[in-house]
Structure formats: structure tokens, C-alpha cells
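Subject: Structure handover

Hi,

Here is the structure for your files. Please open it alongside this note. My findings follow below.

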Amino acid sequence: MADESPSAKRWLPLEANPDVMNQFLWGLGVPPEKAECYDVYGLDEELLEMVPKPVLAVLCLYPITSQTEEERVKEDSVIEDPTTGIYFMKQTVGNACGTIGLLHAVGNITSEINLVEGSYLDKFFKTTANMDAMERARFLENDREMEVAHSVAATGGDTEATDNVDTHFICFACVNGQLYELDGRRSGPVSHGSSSPSSLLQDAAKVIQKMIQNNPDSLNFNVMAISKMT
């Protein structure tokens, strides 16, 4: 969504819609019988319990406001280099945050979902495995196949696609017992403390609730979970 991209390239934004996300992921190599996106209708315990488990990753669409930007700059100042074992990439393409959020999710759960051998995502993660965050960003920027797939998904939602937006997708994943916020606009992964696969959704919800409390006048929040099919 809206971002500070050094690249002149801009894509249309993805809609925060599980159907759009599912078709996108399944078409690129995530087996439909392995993982699926679901809406998270609220962040209180009762509504979180309605989300199919286990949850592998959480996507959050949030508004870019002066408050969220101030928080991002403050947290960026203390981010260390990306931790070993975390799949993280920078964002250099405008409005690509939905796709990057999904890549952050899938890149950190490949062992759980067994991508289709030889599929786009299978080849993407094998090719970029040893790249740094910026090299991965440049690879995506020049990847015509992903650009086309993103465009198809962006125009497949319920609302008319426009690049004039002020919201942004981020991903939450549990890696090595820690809850990480993965955002291509940041300098690296942000750790939010201890977590586990069984508590990932609740732990991410607490972080998102704090973001909402800091932006009480905004309604532009949307949360989705990527759950493992059992």
C-alpha cells in the first residue's frame, strides 16, 4: 500500500480479502489442502476462538498515520540485523505490501505447508534463500511472473483497484519461539517477545490491539489468519 519505495515501479494494491489471497497463494504453489486464509472478525478471545487452528501466520492491514509512522521510526532505530532463520525482505515496489506480506508468511512456514514442487513459490524461495533483504526486494522488483500474478489478484477483488491508498500490510509469524512483525518498510524484523505456534494468533492480536489503541480515530484495520488445514 502507501509506502516509501525507492523504486519508481508501482503495483495496484491487493484487497484485504481472504478469497483474493487464497486464489493468489493457491495459484502460485501453496496446496489448497495445506493452508487457507480466513478473516479475523475481532480481537477479543471469543472471536479469536472462531478462527480455524492451527494458525501459521497473521496478516494485518493498518492505516498509515502520523502515530503509526512515529512508532515505526522509533522502533526502527533499535532493530538489529535480521535474525538467522527468519525470511525477511525489503519493499521497493509501491503498493506491493500485500504480496510481500504473503511472501513473509509463506517464507517462514514452508516446512509446514510443503509447497508444490516446481511451482512459482517453490522456485522463488529456493532462488532467494541465500539473498539478503534488499537482494530479495530487487529480485521481486524484476520478476515479471509475480508482477502479472499480483495484477490479476489486485483486480479480482470486490472493490475497484486504485493506487491512491494510505494503508499497509504487515505479517506476524512465530520463528524460533519469538513473535516477529515482518514489514518491508522496516529495516528488519521486529521481535514482540516470546510466542509459540499455539499462541501466535493471541500474541499477534495483542500487538494489533495496541496499534488500534494508538489510532482510535481510524477504522482502517483488517486482520486475516493463514491457517493450516488438518
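Contact here means heavy atoms within 4.5 Å. Helices (H or I, at least four residues) and strands (E, at least two) are DSSP runs, numbered from the N terminus. This is a predicted model, in which local features need pLDDT of at least 70, side-chain atom pairs count only at pLDDT 80 or more, and totals for chains, interfaces and linings use all residues. Residues are numbered from 1 along each chain as its sequence is written, and side-chain values use heavy atoms, with hydrogens and water left out.

Helix α6

Helix α6 covers residues 120–128. Its buried residues are Tyr 120, Leu 121, Asp 122, Phe 124, Phe 125 and Thr 128. Buried means under 20% relative accessible area; exposed is over 50%, and partly exposed is in between (1.4 Å probe, protein chains only). These α6 residues pack against α1 (18–28), α4 (97–107), α5 (110–113), α7 (133–141) and α8 (144–154).

Annotated site

The unreviewed UniProt entry lists Cys 97 and His 168 under "active site". They span 72 residues in sequence, yet no two of their C-alpha atoms are more than 6.3 Å apart, so they gather at one spot. UniProt positions are given in the numbering used here, feature names are shortened, and annotations may be inferred rather than shown by experiment. Cys 97 sits in helix α4 and is buried, at 1% relative accessible area. His 168 sits in strand β3 (residues 167–175). His 168 is buried too, at 0%.

The sheet

Two strands pair if DSSP finds at least two bridges between them. Six strands form an open, antiparallel sheet in the order β1-β6-β2-β3-β4-β5. β1 (35–39) and β5 (190–194) stand at the edges with a single partner strand each, so one side of each has no neighbour in the sheet. Strand β2 (residues 55–63) and strand β6 (residues 222–228) run antiparallel, joined by 6 bridges. Cys 60 stands opposite Val 223 in β6.

Helix pair α1 and α8

The axes of α1 and α8 come within 10 Å and cross at roughly 150°. Axes are lines fitted to C-alpha atoms, for helices over the stretch in contact, with angles from 0 to 180 degrees between N-to-C directions. That makes α1 roughly antiparallel to α8. Angles over 145 degrees count as roughly antiparallel, under 35 as roughly parallel, 65 to 115 as roughly perpendicular and the rest as oblique. Val 20, Phe 24 and Leu 28 of α1 make the contact with Met 146, Ala 149, His 150 and Ala 153 of α8.

Best wishes
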